[in-house]
Amino acid sequence: MLKACYQHEWIEAGCDEAGRGPLAGPVTAAAVILPPGWNHPLLNDSKKMSEKNRNLLRTVIEQEAVAWAVEMVMPEEIDRINILNASFAAMSRAVTKLGTKPQLLLIDGNQFRSSLDIPYRCIVKGDATYAPIAAASVLAKTYRDEYMMRIAAEYPVYKWEQNKGYPTREHREAVMRHGLSPYHRLSFNHSFKQLELFSLDEK
């Protein structure tokens with residue numbers, strides 16, 4: 001069972017992101033404030049959960065959280081500011097969308113930068129330790145997967161419904177054959193000199 005909170009004095013929001021490693025699609029972040037003592041037996045790091053349980057918990061979290069928000073940073077901005085800064089930006093934007101202002105942020109990982117005037121704690125493997133971060137990881141993962149499923153219908157050759165934009169062999173081979181889509185991160189693919197972007201006229 002995960003720890004329900006990091007401390008008991010301040011209102012804390014768990015923050016996590018999904019999608020730093022893919023070649024395509026957005027990086028997605030969530031911020032979640034849970035009721036005091038809230039937990040769920042299925043809750044864990046979203047990467048360790050089945051898709052069925054992630055989707056089940058997403059509904060529960062949305063219904064029972066004090067506040068929650070999800071934000072995406074799209075490939076164009078990722079290319080402009082780099083993926084690490086895009087991850088920080090997505091988390092910061094999610095926090096600003098919360099209906100309740102947190103007094104402490106629990107950040108999954110070992111670093112964070114933000115202009116927010118809210119103290120934070122970086123926690124390595126926080127999504128497998130604290131319920132608010134795990135809840136954020138579930139929302140970030142499910143919302144990103146849902147987005148990738150939608151755009152997979154637009155560009156079926158990349159099989160995003162299966163790989164969610166991650167650099168699987170099948171995905172890389174599709175890029176080699178068909179070039180980059182408008183949803184690909186150019187800064188992640190610039191070393192593939194033989195690749196060509198889809199023409200806007202071909203969309």
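Mentor: Let us begin with a bridge: in strand E4, Leu105 is the bridge partner of Ala13. The model is predicted, so local features need pLDDT of at least 70 and side-chain atom pairs count only at pLDDT 80 or more, while totals for chains, interfaces and linings use all residues. Residues are numbered from 1 along each chain as its sequence is written, and side-chain values use heavy atoms, with hydrogens and water left out.

Trainee: How are the elements defined, and in what order do they run from the N terminus on?

Mentor: Helices (H or I, at least four residues) and strands (E, at least two) are DSSP runs, numbered from the N terminus. Here there are seven helices and five strands, in the order β-β-α-β-α-α-β-β-α-α-α-α.

Trainee: In which sense does E1 pair with E4, and in which sense with E2?

Mentor: Two strands pair if DSSP finds at least two bridges between them. E1 and E4 (residues 104-108) are parallel, over four bridges. E1 and E2 (residues 27-33) are antiparallel, over five bridges. On the E2 side, Gly14 has Val32 as its bridge partner.

Trainee: How many of the seven residues of E1 are buried?

Mentor: A residue is buried under 20% relative accessible area, exposed over 50%, and partly exposed in between (1.4 Å probe, protein chains only). In E1 (residues 12-18), six of the seven residues are buried. Across the protein, buried residues make up 50% of the 203 residues.

Trainee: Where is Ala13 found, and is Ala13 buried or exposed?

Mentor: Ala13 is found in strand E1 and is buried, with a relative accessible area of 0%. As a general idea, side chains in a regular strand alternate between the two faces of the sheet.

Trainee: Which residues is Ala13 in contact with, leaving aside its neighbours within four places in sequence?

Mentor: Contact means heavy atoms within 4.5 Å. On that basis, Ala13 is in contact with Val32, Ile33, Leu98, Pro102, Leu104, Leu105 and Leu106. The C-alpha atoms of Ala13 and Ala31 are separated by 6.0 Å, although these residues are 18 residues apart along the chain.

Trainee: What share of the contacts with a separation of 6 or more comes from residues 24 or more positions apart?

Mentor: Such residues account for 65% of those contacts in the protein.
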